Each structure stands twice: as C-alpha cells, then as structure tokens.
Amino acid sequence: MTSPLEVSPTSLVADPEAVLAGAGKIQGRSLGQIAWMRLKRDKVALGGGVVIAFLIATAIFAPWIVDWLGDPPNEFHQNLIDTAGGTLTPIGPRGGMSWDHLMGVEPLNGRDIFSRILYGSRISLLIAFFATLLSVAIGTTMGVVAGFFGGWVDALISRLMDVFLAFPLLVFAIALAGVMPDTAFGIGGDMLRILLLIFIIGFFNWPYIGRIVRGQTLSLREREFVDAARSLGAKNPYLLFRELLPNLMAPILVYSTLLIPTNILFEAALSFLGVGVRAPTATWGGMLSDAVTYYTVPHFMLWPGLAIFVTVLAFNLLGDGLRDALDPRAR
Amino acid sequence: MRAMGAAGVALALGLSACAGGTTPKTDTGSAGSTVKDAFNAGLTTVFNPSEKKGGIIKLADEAAPDTLDPGETYYGYSWDFVRVYGRALTMFKPAPGKASAELVPDLAETLGVASDGGKTWTYKLRKGVKFEDGTVVKAADVKYAVLRSTDKATFPNGPAYFEAMLNMPKGYKGPYKSKGMNTDSAITTPDDSTIVFHLIAPFAGFDYLAQLPQTIPVPEAKDTGAKYKEHVISSGPYMFKTYAADKSYTLVRNPYWDQATDPNRKALPDGYDVQLNVNAEDIDNRLISGDLDVAIAGTGLTAASQSKVLSDPTLKARTDNPTLARLWYTSINPTVKPLDNIDCRKAIEYAMDRTSYQTAYGGAFSGGEIATTILPPMIPGYQKYDLYPAGADNKGDLAKAKESLAKCGQPNGFATNIAYRNERPKEKATAEAFQQALARVGIKLTLKGYAKADYFSSYAGNPPFVKANNLGLALNGWGADWPDGFGFLSQIVDSRVIRETGGSSNTSVRIPEVDKLLDQAVNELDTAKRNAVWGQIDKRVMEEAVIFPGVYAKSLLMRGKNLTNVFVNESLGYYDYMALGKP
C-alpha cells in the first residue's frame, strides 16, 4: 500500500494528506493502522489469530515437539493394544491416554495419536495455504483482467468461471487422484500427492475469488482516481498494478482467510475418501476415515475431528474479524 | 476358479485348535432343556438341538448376492443358502466339525460311480423328488442345468469347472445359442433317473464337482435364462415367494418337497426372510439384540462390533470362531530387483513381525491364526512346518534377516514397494505393518494402494506392471472352492496361470518343478499319494521364499438369539443355514 493515491475501496476517504512529524497527539494513521486498531479491539478474531499462530508454530516445529513429547508418527506400539482379548482396542481407560501418549494410541497398531495429529497439521495447513495462494493468484489475475478490460475479454473469462463453477470438483478430484501415477514430472511419493492436491483444490477454486475481484474492479475502474490517472497518461499496466490492485487488497485478504478453512475441509474430505496423501502418512481426514471402523473407541475420532474443527473455526473467526476491520460498512 | 472378495468362495472350513476328535452330536437334545451359551459352542457340536418346527428365520445381508441362480452363483454363502431351495447331486454332510468334510448324496441316491479309470461318472437320482410345481425331477433337468451353466455369455461369473472337464462338443455355447446340438459326448441320460458325466481326463474328485449348485436341476420349460434368478424353480424344501432385486426375498415351504426323499434336511422353519443391502453395523446390532437371526454373508462381525462383543462375556458366549480354508498371504516377487536373489527374499521372511500381520487382519479372533505354510491345516496334505522361524514371540528373527541380507549383498537393506487394495483397510494395515517391521533391518518399503477391481488385471497381477513399478511385495489372499489341494493350490502356485496381460492371483511363483508336481498330483488317482504331493508342493514353494504366508483366516460369527440347531458347517465356512430352526 504505497500508492500516493491510496483510498479505501468504498469509503473514498483519502489518506491523511500530511503526516506531521512529531505533531504531538494528532497522529495520522494509515488504513492498515486503522484496520489493525479495529482488529485489536475484536477479541474473538484476535483469539482466532492466536490459535492459528499456535497451529502454524506447532506444525513447523512438529518434529522437535514429537521428539520431546511423543513417538514417531508411524511407529507401532502393539504392546499397548489388547490383542489377547481380541478387541484390538487400546489398553487402559480413555483410549490409552497417558503421559507417554498424550492423546492415546490408535486401535490395531498403537500409533501415537498426538504425533499423528501434529504431523497431520503440516499436511493440512501446507495444502490449504498453497491451494489458497494458487486460487488467489489465478482468481485475482483473471478477475482484474475481466473487470478492467470488459467486452469480449470479460465475457470469455466470465463464461470460463461459469464452466469451472459447474465443474463436479469432488468427482474430478477423486478421478484425477486415482489415475495419478506414483511418480510423475520427476517427483514421487508424498510430495507428488501434496502437489496434486494443491493443484486440484487451488486450481478449481479460483472462480470464487475471481468473481469477487471482477466485481470490485468493475466498480473501481469507473472511479475518479482511475480517470485522473488515465488522463495523466497512465498506461494500462500502471492502472492495473498501481491503481486497482492496491485497492483490491482488502477483499482479497478477507476472502483468502475465509478460503483457507474451506480448503482444509476439502483436503480432509479427500483424505477421508482415500484419495489424499497415501498411507501411512498421517492426515486428519485419513485418521477420521480410519476411526470410522472403530466408533467404539471415541477418542480416535475425537482428536482429528477436534483438530479440524478448531482450525476451521479459528480461520473463520479471523476472516470475519478481518472483514469487519478492513471494511466496517460491510457489517 | 478365482479368489473372490472377503465374502467370496471360502468354502472349506477347518477347526480351530480346540476341536478334538469328538463325534458331533446330531441327535436331538431333550426338549425344554435350557441351553447355555458358550464361546465356540456351535463349532464342533450342534448348539441348542431341537426338532420343533415353525417360525420364520430372519436374515440380512450387508450387500446383495451375486445372483440367486444356482447355475451362476459363486459366493461362498450362496453355496450354503442355495441348498434351502435347490438339491445338487451331492452335498457336504450337514454336520458340525470334521464330519462335514464327508460328501453325501443329496439328489442322487449314492455318490458317483466311477468307471473308465475316473473318466466316467454315473449318478442315480432319488425317486419322487419334485419341483415346486409338482413335476417330477428327471435326469434331463440336471443335464440341462449343467449345460446352461456352461454358457458364460449368459452366466459370466459362475464357476467354470464343468466346461473345462466335461468332454463338450466343439463349438458348444450352451443350450440357448447351440439349441439342439448333441451333447451326449459330455452328459448322457440313459433313463429318467440316471445321469452319466463323460470327462476329458480322469478326475478322482468328481463328487466335489457334483456338489456345486450348478447340478441343481432346472426345468427347461421354466428357464428364462439370465432372468431365471428372479424366480428359481425350487427342488428343495423352500420356494421363492417374493423377490425384489437388491432389496429382499422371502421363501416359503415347497408343498411338493417330501421328507421321505431327503435324509439331509429337516426343514424346521416355516420360511426364510432375507433383507439385502443392510448396513453392516446395523446387522451386528440387530443380531446382538435378537431382532435378527443370521448375518447371511457370514463374513463375521465388523471391527467395532468385535471389540464390543469380545469385551462382554455374555455376548462373547454367543459367538463361534471357525478357521476357514483361506490364506491371507503376501507375494514376494522374484521379478523385482533385488528380490531376484533368494537371500533377499529370505530376509523378508525372517524380518516380518508375524503378530503384527495377524493384528492387522483383525487379531486372533477375526483375523486368523499365524500361518507358516501355504496350505491351511484343514486341507488334506497339510504338513506343519516352519522354514523361517520368527523367534519365540513371532516378532521376527532380525539376526537371521541381517545374515540373509549380507548374503544377498545388501547388508544395509534395500528399497522396494508393497501393493495393497485401497478398499481393504486390513491390507492397508498389513502393508503398514510390513513397512514398520522391515524397516528394522533397513528394508525400506513404500506403500502403493490400487483399486480392488483392477488389482490383479492391471496392477499386482500384471507382470510387466509389477516389474516396472518395483512391486516387490503384493498383498494377496486365496480361498479354495472346496477343501482339497487341487482347489487350493492350482491357481496360486502354478506358473502357467501367470498371464503377461495380467489377471492371475499368482504373481510370484515361477518354479518349473512345482508345475511338474502339480501335473503329477492331478493324474494321481490314489488319494493318499495325491495328498502327499500337495504337501510337497507347499514346502517347495516356501523354500523359494516367494510367498509370505500371513494368517489362516478365521471369522467371528454370532449366533442368533432364538435359533435352534446352530452349527458351523466346516466345509462351507458358515452356519449351516439349511439346518437352522426357530420354534
């Protein structure tokens, strides 16, 4: 937001013109500062933000945390499973929860649920972030181009969006993940599956953000500041990147934050259906899917379910707070 | 012969260790005596014997049967239930324990009479057996039934023994397409109650073929081809009253069935009521509550119900835990490097934790017994031996494994892949168990899940694919169509069944010596000598370490609350549905 002509998208209140250095109590505030101030007052959104920061931190430091508090995520502990009685469920109350296994162990093979949840968060967050990034990149480009140029370009891109929106995404994802070979483009294993999921989830979700950006661009390009820039001889690239894009940052940021939880859920759904990252790599959706056969051991379903729930809720709260902060009139 | 699904053709049944030589009690207990539930009470004895008639037996199926047509059905439990509405020439004796291994005549008066060195088999039909419409069953109806079953365009999924073994006229495509063609070279009916089968080569076990549902008589006049399954004309004690595809069907008494013609059936209930496509958990819960009598698919309790039932002594007392003639195993493919070296294969045999294999399949109760041979114990010819002892706790012999790796020239281990079927959580769990266990000696496994439907045709059973994708290990399973070495081994250890285009269950066994032994066994008319060869083959294959035997399958079945005469027919692998009563 370095534009000298920076305005908020809807209120048209320009930046305070003069920032008086050292002017005592009267202090000019940028839009970002104003939004940050509003966000700080929104305790719920802030809570969501803190949870997200915590989740990201645990995901990044998962190997060290697991080293310290748990066991490798794929290691079997069948001595903790009731094989003699034949129930194959964890020995001990509450699914075998103990100081060694904070969230208990899985039925059948006794893998440590705590470390699997942590490792699962890496997959979930990684895929959700990058898929969102991909959606936003494509969606913004397409939306701006469609909205700014109008005419046949707009018609073409809008119809393309319609096609993508009508696409049976889940079915397509299952099919594509099913036929994908184990190694392709020189990569294989989990990395390939993760990239594939990022592509599927990201590539097919761009029209949602594209439509919003297109709508915003349509209204922005008729504004006086754009006309002014144009009359001063600004070329299209300058208008697009220096005039329009900065003003689109707020809606893009808000919708990205709201897209992340959707993508987390979608990744979980794909893993649940068995087309996500391959076993034995831990994913939340995959753990839920394994837990279905053992509904008599509720903790097995509880932890991954709780993890998904908390993450999605945190992102949604933060996204809502962000929207309120950046665009108070949208309440 | 094909390996069917979990609900497939596991026909033969064995005894668990506790089954001694007790003679089964087939007579009726004193009426009114209170019966005590006990674990495995229906395994070697008849649980709650009674002669009382009446009641409708309620059954439910988590899916739908392949077909009700006796000419085509290839589901193991259908081969049990079909005897309620059809009479094949012979059947496995409806008795608990080892007694069921005996073949007894059913529609025939006696077992088959062999002549011409086992190339010709003659059966005499019982007098007075009638179809549900009152017409008398003739030898021609049996002949017609067998002939129509050979039409694989109309009945693609049925067993294909008869067309392979009978001396069929050239170009014969079944009675629909080759109408009027003379088929006397295969089957003759000298009179209305005599039927003679003519084989291409001697086959001593023809009575086993005669127990297939395909010999259940079908009246030509009432045959509707592929639609016959919607109303099968009964020759047994019950006939179809309603049939709603994929939903339900009910059977009521066949008024023309005569107890005097049938020493095998008691026909106690007044009818059977079968619901299809019922949720598996729902079936288990209704069985527990007593609302349902039999889970007809007979695959055993689901994992969740299993843990519920086994942790409750009163519920556990209502279950039976038979061992099946089915082996869950893993192919070790010598076409994949470095497994072309026998010592690398041996390293896998030694390094695997057998108990984790067993647990992955569901533990000692519904998974099975740890296997060390290819033949399950109840198949004649089985010999107990263990070429690759896995230590006292069965968790693998890591020292031996490392020794083998060193001999193989891979002292630090190697990397390969393991294939399993995506739809089978137990196989996935087993693959994970392999990964964990083999990692202990440095063998790095990558899991590769494939679709069940194309598992053998395109992936794990497709030799070029196996090689190209380094599928060193592939999870596999096999159940015999009947308890016999031929039925069990011929499709999984004969290198000649391997097709370069894929589709065979055998992916790893390519031993010329074993092929020769198989031929030797098939031509051996002396039963004892033949069975000895099966044992020899078993050992020879294990010496090559191309198969890792996992578990001899077991299932955990629950007896309905109100049933009488409950026992597991060991040869079929399920409760004997024909013998049940519900007064």
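**Questions on a predicted two-chain model**

Trainee: In which helix of chain A is the place of A:Val213?

Mentor: This is a predicted model. Within chain A, A:Val213 belongs to the helix that covers residues 206-220. That helix is α8.

Trainee: Is A:Val213 buried or exposed?

Mentor: A residue counts as buried if 20 or more other C-beta atoms lie within 10 Å of its own. A:Val213 has 27 other C-beta atoms within 10 Å, so it is buried.

Trainee: What separation do the C-alpha atoms of A:Val213 and A:Val144 have?

Mentor: Leaving aside neighbours within four places in sequence, A:Val213 is in contact with several residues, including A:Gly143, A:Val144 and A:Leu248. A:Val144 is 69 residues away from A:Val213 along the chain. The separation of their C-alpha atoms is 6.2 Å.

Trainee: How many helices are there in chain A?

Mentor: Starting from the N terminus, the elements run α-α-α-α-α-α-β-β-α-α-α-α-α-α. Two strands are found in chain A. The number of helices is 12.

Trainee: Against which elements of chain A do the buried residues of α7(A) pack?

Mentor: Helix α7 of chain A, residues 189-203, reaches 21 Å from its first C-alpha to its last, close to the 21 Å expected at 1.5 Å a residue. Among its buried residues are A:Arg193, A:Leu197 and A:Ile201. The elements they pack against are α4 (113-149), α6 (169-179) and α10 (236-272).

Trainee: Which element gives the most residues to the largest nonpolar core?

Mentor: The largest nonpolar core has 233 residues, and those with the most contacts inside it are B:Ala347 and B:Ala351. The element that gives the most to this core, with 15 residues, is α4(A).

Trainee: On the side of chain A that touches chain B, how many residues are polar?

Mentor: The contact takes 24 residues from chain A and 30 residues from chain B. On the side of chain A, eight are nonpolar and three are charged. The number of polar residues is 13.

Trainee: Which strands stand at the edges of the open sheet of five strands in chain B?

Mentor: The order of this sheet is β9-β10-β11-β2-β12, with mixed pairing. Each edge strand has a single partner, so one side of each is left without a neighbour in the sheet. The edge strands are β9 (238-244) and β12 (294-295).

Trainee: Which residue is the bridge partner of B:Ala60 in β12(B)?

Mentor: Strand β2 of chain B, residues 56-60, pairs with β12(B) in the parallel sense over two bridges. The bridge partner of B:Ala60 is B:Ala295.

Trainee: Why do the buried residues of α6(B) line one face of the helix?

Mentor: In helix α6 of chain B, residues 280-289, the buried residues are B:Ile283, B:Asp284 and B:Leu287. Seen down the axis of α6(B), the buried residues line one face because they fall within an arc of 95°.

Trainee: Which residue stands opposite B:Ile332 in β18(B)?

Mentor: Seven of the seven residues of strand β18 (473-479) of chain B are buried. Strand β14 of chain B, residues 323-332, pairs with β18(B) in the antiparallel sense over seven bridges. The residue opposite B:Ile332 is B:Leu473.

Trainee: Which residue does a cis peptide bond join to B:Lys337?

Mentor: Most peptide bonds are trans. At this bond, omega is about 0°. The loop concerned lies between β14 and α9 (342-351) of chain B, and the residue joined to B:Lys337 is B:Pro338.

Conventions:
Residues numbered from 1 in each chain as written. Chains lettered and ligands numbered in written order. Predicted model: local features only at pLDDT ≥ 70, side-chain atom pairs only at ≥ 80, totals over all residues. Pairing = 2+ DSSP bridges. Helix = DSSP H or I, 4+ residues; strand = E, 2+ residues; numbered from the N terminus. Buried ≥ 20, exposed ≤ 12 C-beta atoms within 10 Å, placed from the backbone. Arc of directions from axis to C-beta. Expected span 1.5 Å × (residues − 1). Contact = placed C-beta atoms within 7 Å. Nonpolar A, V, L, I, M, F, W, Y, C, P; charged D, E, K, R; others polar. Core = buried A, V, L, I, M, F, W, Y, C linked by C-beta atoms within 7 Å.
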